[in-house]
Amino acid sequence: MKSKVQTSFRQNASSIGRWGRSATNPVTIPGSTASGTADGYSYTLTSGPSPPHSPPINMPPPIPPRPVIRQSSFTKIGYMINTAVNGTKKQFSSGSSSNSSSSNSGNGETSWCFSQIKGALDDDVTEADIISCVEFNHDGELLATGDKGGRVVIFQRDPSSKASTPRRGEYNVYSTFQSHEPEFDYLKSLEIEEKINKIRWLRRKNQSHFLLSTNDKTIKLWKVSERDKRVEGYNTREDNGSIRDPASINSLRVPSIKPMDLMVEASPRRIFANAHTYHINSISVNSDQETYLSADDLRINLWHLEITDQSFNIVDIKPANMEELTEVITAAEFHPTECNVFVYSSSKGTIRLCDMRSSALCDRHAKLFEEPEDVDTTNKSFFREIISSISDVKLSNSGRYMISRDYLSIKVWDLHMETKPIETYPVHEYLRTKLCSLYENDCIFDKFECCWNGNDSAIMTGSYNNFFRIFDRNTNKDVTLEASRDIIKPKTVLKPRKVCTGGKRKKDEISVDCLAFNKRILHTAWHPLENIIAVAATNNLFIFQDKF
């Protein structure tokens with residue numbers, strides 16, 4: 001599937017400055033650089049290589065291009081079809097009520113306090129400034145965010161905060177660059193948004209950092225490196241870059257290396273395009289660090305990081321007749337240690353585990369994780385199919401468990417047991433009576449993400465009103481916290497929030513009717529080694545840590 005990659009870049013991205021100093025060299029064409037300075041600033045309140053060429057072995061031949069039917073996402077259509085199709089799925093099991101579970105005053109022995117807030121603090125928020133993804137790298141030294149304006153901002157751990165006693169979780173702007181630009185498909189008369197859907201870090205192998213970023217159609221591999229020296233004394237050109245007249249060169253000079261201010265450069269090393277007909281919703285780097293997968297609504301492709309002009313289709317659920325479409329792919333991820341195993345979830349509430357050793361096209365899953373159908377019809381409703389759709393799935397760091405997030409709950413699955421989850425945590429069960437209004441304002445289609453902590457003992461996910469939930473699996477306690485500007489003071493301890501569903505409301509409770517559904521926490525990330533969490537609230541990035 002060889003094709004030419006045509007990408008246009010803006011010459012000026014002035015709004016980058018909301019995070020820190022703008023890149024000194026705007027991206028122009030692949031191979032050029034976009035730079036941010038290490039001493040960049042941000043709105044902050046605080047307390048104190050590409051792998052070697054190794055083509056896939058014994059891989060199937062590339063799938064020829066398929067006819068394009070439509071460009072727009074089928075996710076919402078899939079939800080609607082599911083409401084009318086009688087499938088064999090387990091009705092959502094609410095477990096204990098979220099209101100009673102949220103009455104616990106703490107998350108085990110961990111108390112969380114405010115560390116930093118990034119982004120503009122004014123109320124004038126543009127659509128391009130809304131954060132669309134958050135991701136720590138593998139050692140937690142870097143934290144990347146992507147927004148709807150196609151920009152990537154990288155924060156670096158403050159060395160002084162790491163060396164202090166006790167250690168503090170503080171990050172400074174490291175680099176900002178424009179990753180994607182809005183494009184227009186003239187053949188199909190469709191706009192392609194610049195919004196960053198996902199960011200995934202590669203493990204560090206040298207002094208440079210590498211990450212993958214994707215919008216709806218195009219995936220890019222970025223190299224982020226530092227430069228603090230420059231070369232002077234060229235023979236064929238002046239120090240300002242102008243070419244010297246060969247007739248004026250009477251002697252040869254030995255170039256010298258001079259120190260310069262530290263500059264962080266971000267350059268696109270690979271561009272993977274023209275392989276997805278539908279919108280890309282997931283990318284995941286394999287444990288071999290040589291391949292990765294990308295998933296859209298109906299297909300999953302396998303890529304090699306060194307090869308941009310071909311990919312292998314490993315999952316295809318597109319029916320021959322689109323009227324027979326009953327589900328779409330919502331998320332996909334590689335196993336953290338087994339390079340041949342990956343999982344993907346669907347809008348039907350199922351998770352499939354596939355083994356690429358079994359066949360080139362994984363049209364038959366190795367395991368199917370699905371709750372049995374509930375024979376009790378009293379709890380069934382029109383919205384049952386919609387709220388059972390899985391919006392995110394994450395495998396644990398150990399590779400033994402995985403979590404799945406549907407609209408009202410988060411579930412923990414053991415990969416050795418397919419029949420039912422081993423743990424179910426209600427996130428906002430009090431919204432079950434509000435599903436009709438949530439359907440009318442489209443909130444019921446919000447895709448909440450979830451994440452593990454470093455040792456798989458706790459999980460985190462978001463909710464409305466800028467609430468986010470943390471569940472401790474060891475103590476079986478949970479807490480509801482709020483990412484609010486009211487607590488942006490150094491060392492401020494977050495107070496657990498409670499939602500009142502009826503009766504007399506207590507002083508520290510908030511009524512379910514007063515929740516702000518336009519303020520939602522969709523994207524969260526947990527430091528892989530420490531109790532530091534990053535929470536994206538509209539255009540602000542909140543960083544919290546365990547109590548000092």
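Guide: Let us begin with strand β15, residues 299–304, which is mostly covered, six of its six residues being buried. Here, buried means under 20% relative accessible area, exposed means over 50%, and partly exposed lies in between, with a 1.4 Å probe and protein chains only. Strands (E, at least two residues) and helices (H or I, at least four) are DSSP runs, numbered from the N terminus.

This is a predicted model, in which local features need pLDDT of at least 70 and side-chain atom pairs count only at pLDDT 80 or more, while totals for chains, interfaces and linings use all residues. Residues are numbered from 1 along each chain as its sequence is written, and side-chain values use heavy atoms, with hydrogens and water left out.

In a regular strand, the side chains alternate between the two faces of the sheet. In β15, both faces are covered: R299, N301 and W303 are buried on one side, and I300, L302 and H304 are buried on the other.

We may now turn to the neighbours of β15. Strand β14, residues 291–295, pairs with β15 in the antiparallel sense over five bridges; two strands pair if DSSP finds at least two bridges between them. S294 has N301 of β15 as its bridge partner, and a hairpin of three residues joins β14 to β15. Strand β16, residues 307–316, also runs antiparallel to β15, and five bridges join the two. Here R299 has D316 of β16 as its bridge partner, and the hairpin from β15 to β16 passes through two residues.

Next come the contacts between rings. Across the whole structure, a search finds 22 aromatic pairs. The rings of W112 and W526 form an edge-to-face pair, because their centres are 5.6 Å apart and their planes stand at 80°. The rule is that rings of Phe, Tyr and Trp (its six-membered ring) pair if their centres lie within 6.5 Å; planes under 30 degrees apart count as stacked, over 60 as edge-to-face and the rest as tilted. Since W112 belongs to strand β2 (residues 112–118) and W526 to strand β31 (residues 523–526), the pair ties together parts that are 414 residues apart in sequence. Both W112 and W526 are buried. Elsewhere, ring pairs link F114, F468, F542 and F544 into a cluster.

A charge may also sit over a ring, which requires NZ of Lys or CZ of Arg within 6 Å of the ring centre and within 35 degrees of the ring normal. R237 lies over the face of Y234, 3.8 Å from the ring centre, and R473 lies over the face of Y401 at 4.9 Å.

Finally, the whole structure contains 27 salt bridges, each being a side-chain nitrogen of Lys or Arg within 4 Å of a carboxyl oxygen of Asp or Glu. R469 and D478 form one of them, at 2.5 Å from N to O, and both residues are buried. E429 and R432 form another at 2.6 Å; E429 counts as buried because its relative accessibility is 13%, whereas R432, at 27%, counts as partly exposed. In the salt bridge between D228 and K229, the closest N and O atoms are 3.5 Å apart. D228 is partly exposed at 37% relative accessibility, and K229 is partly exposed at 48%. A network of salt bridges links D129, D147 and R151.
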